[in-house]
Amino acid sequence: MVTFRNYNLTLSSESLLLQVLFWTRVIRPYNEGYQLAKYEPKLLETLLRSDDQGQSNSYLKAMEQGKDQYEHEKMVDEMKLSRLSK
């Protein structure tokens, strides 16, 4: 079973084709955005700015959500460390 936010995907509940589409259009770019935010933030910003025409690009939106998740987790970790150091 794969869990992504509120989605639980299993072979018995979803067709394999839908799972593959969900993986390639949502989970994969989300994970790529998270990893790029962590290791190559400048490259990620360049990619996200490349969509300057304002078109709805779900791949880049999912990457941006992954970036936002990484930044949120980073901020929470920093807050925990600051509380421990007091």
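Colleague: How many helices and strands does the chain have, and in what order do the elements run?

Modeller: This is a predicted model, in which local features need pLDDT of at least 70, side-chain atom pairs count only at pLDDT 80 or more, and totals for chains, interfaces and linings use all residues. Residues are numbered from 1 along each chain as its sequence is written, and side-chain values use heavy atoms, without hydrogens and water. Helices (H or I, at least four residues) and strands (E, at least two) are DSSP runs numbered from the N terminus. The chain has three helices and two strands, in the order β-β-α-α-α.

Colleague: How are α1 and α2 oriented to each other?

Modeller: Helix α1 (residues 16-39) packs against α2 with axes 6 Å apart, at an angle of about 130°. Axes are lines fitted to C-alpha atoms over the stretch in contact, and angles run from 0 to 180 degrees between N-to-C directions. Angles under 35 degrees count as roughly parallel, over 145 as roughly antiparallel, 65 to 115 as roughly perpendicular and the rest as oblique. The orientation of α1 and α2 is therefore oblique.

Colleague: Which residues of α2 meet α3?

Modeller: The axes of α2 (residues 41-49) and α3 (residues 58-84) come within 10 Å and cross at roughly 145°. On the α3 side, the contact (heavy atoms within 4.5 Å) involves L60, M63, E64 and K67. Their partners in α2 are L44, E45, L47 and L48.

Colleague: What percentage of the residues in the chain is buried?

Modeller: Buried means under 20% relative accessible area, with a 1.4 Å probe and protein chains only. Of the 86 residues in the chain, the buried share is 22%.

Technical notes:
Buried < 20%, exposed > 50% of the residue type's maximum accessible area, 1.4 Å probe, protein only.
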